[in-house]
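This report describes selected features of one protein model. Please consult the sequence and the structure shown below.

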Amino acid sequence: MNIKKLLEGLGSNNPHVSAAAMRTVLDNPNDAAMRTALVKALTHKNHLVRGSSAIAAGRLLINEAVPHLIPLLKDDDLRTRCFAAAALGKIGDRRAIAPLKKLAMDKEHEYQFKLVVGALRKLTP
């Protein structure tokens, strides 16, 4: 599959196209090119693409996504921050502990706080 076209699909303004592109990634979890496209999509300009990519990275346990997920903990979009926190907890990489602890200090958003605490529980014995 053409990675450029896949990334375009992930960033499409048409939610059906974007969802189809994400299904393609999820349906091919062992395809290195798909995983690379997913990691690249974590830096996409559209917060919906970043968020759905974070969900997929967590579901597929893509460890190489961690350095791209950590900055999403500071994303302007609340849902993207939450999806990134949940993904980091699922992936289980301890590099996420300090950034998650920092985000846990922000108790303004209860849902975000619960996800961050849940992720930290998975990362710290």
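**Basis of the model**

The model is predicted: local features need pLDDT of at least 70, side-chain atom pairs count only at pLDDT 80 or more, and totals for chains, interfaces and linings use all residues. Residues are numbered from 1 along each chain as its sequence is written, and side-chain values use heavy atoms, with hydrogens and water left out.

**Arg 81 in helix α6**

A polar contact (a pair of N or O atoms within 3.5 Å, one able to donate a hydrogen and the other to accept it; residues adjacent in sequence count only if both atoms are side-chain atoms) of 2.7 Å joins the side chains of Arg 81 and Gln 112. Arg 81 belongs to helix α6, residues 78-91; helices are DSSP runs of H or I with at least four residues, numbered from the N terminus.

In helix α7, residues 97-104, the buried residues are Ile 97, Leu 100, Leu 103 and Ala 104. These residues lie on the same side of α7 because they cover an arc of only 125° around the axis, taken from the directions from the helix axis to the C-beta atoms. Ala 98 and Lys 102, on the other side of α7, are exposed, meaning over 50% relative accessible area.

How values were computed
Helix = DSSP H or I, 4+ residues; strand = E, 2+ residues; numbered from the N terminus. Buried < 20%, exposed > 50% of the residue type's maximum accessible area, 1.4 Å probe, protein only.
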